[in-house]
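Reader: I have just opened this one and would like to be walked through it slowly, if you have a moment.
Author: Gladly; let us look at it together.

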Amino acid sequence: TRLIDVESAEVKDESAEISLYLLQATQSFLLTCAEFVLCGKTNANFAIHTSIRTDEHQAFANKIRAHLNDLVHALNHGENLTSNFQMAYDDLRQTKPDIHHFEDIFAQLCEMLEEEQFQVAVLNSKNEASTDLTHGFNIIVGRNVIGRGLTIPKLQTVYYRKTTKKP
């Protein structure tokens, strides 16, 4: 069992990588966006619903930005990242059997990463970003603003993290 408090500490630790579950959700979203582009679509959103603490929202956003930068760095240095995304692709294919071939989606994803087509925004009471969620490929981090009253168009992926009061 993975305790949420451990994930919370890892988020604040800038040297730690993102959790396995957040990584899986992120990979799924990135591949979905690449599939969308291949289908002529121009918008998708990913909501990361974190703790109520607004300082953690920025920490999560920083982790996602760092992860995207790490992917671009790896691509620029010739690293083969296909195995990193194959399992997420296989999972997507179970729900959408007519998805494009992995090689086509992965090539599109690489292009999108290199062109920095993914935007990361924090939405909370302290920082209501002016991100236009009706255009582009957006990763939104927050809690109450996301969970109460905000309609997120083209919402494709949700990562929901909740701290329980009792273990």
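**The sheet and what packs on it**

Author: Four strands make up an open sheet, in the order β2-β3-β1-β4, and their pairing is parallel; strands here are DSSP runs of E with at least two residues, helices are runs of H or I with at least four, and both are numbered from the N terminus, while two strands pair if DSSP finds at least two bridges between them. This is a predicted model, in which local features need pLDDT of at least 70 and side-chain atom pairs count only at pLDDT 80 or more, whereas totals for chains, interfaces and linings use all residues. Residues are numbered from 1 along each chain as its sequence is written, and side-chain values use heavy atoms, with hydrogens and water left out.

Reader: OK, and which strands stand at the edges?
Author: Those are β2 (118-123) and β4 (155-160), and because each has a single partner strand, one side of each is left without a neighbour in the sheet.

Reader: How many bridges are there between β1 and β3?
Author: Strand β1 (residues 43-49) and strand β3 (residues 136-142) pair over seven bridges in the parallel sense, and A44 stands opposite F137 in β3.

Reader: And what does helix α2 touch in the sheet?
Author: Helix α2 (residues 20-38) packs on the sheet and touches β1, β2, β3 and β4, where contact means heavy atoms within 4.5 Å. The direction of α2 makes about 170° with that of β1; axes are lines fitted to C-alpha atoms, for helices over the stretch in contact, and angles run from 0 to 180 degrees between N-to-C directions.

Reader: Switching topic, how many aromatic pairs are there?
Author: The structure holds six, counting rings of Phe, Tyr and Trp (its six-membered ring) whose centres lie within 6.5 Å, with planes under 30 degrees apart called stacked, over 60 edge-to-face and the rest tilted. F85 and F106 form a tilted pair, 5.9 Å centre to centre with 55° between the planes. This pair links F85 in helix α4 (residues 82-95) with F106 in helix α5 (residues 102-114), 21 residues apart.

Reader: Are F85 and F106 buried or exposed?
Author: Both F85 and F106 are buried, meaning under 20% relative accessible area, with exposed being over 50% and partly exposed in between (1.4 Å probe, protein chains only).

Reader: Which residues do ring pairs link into a cluster?
Author: The cluster joins F29, F46, F118 and F137 through ring pairs.
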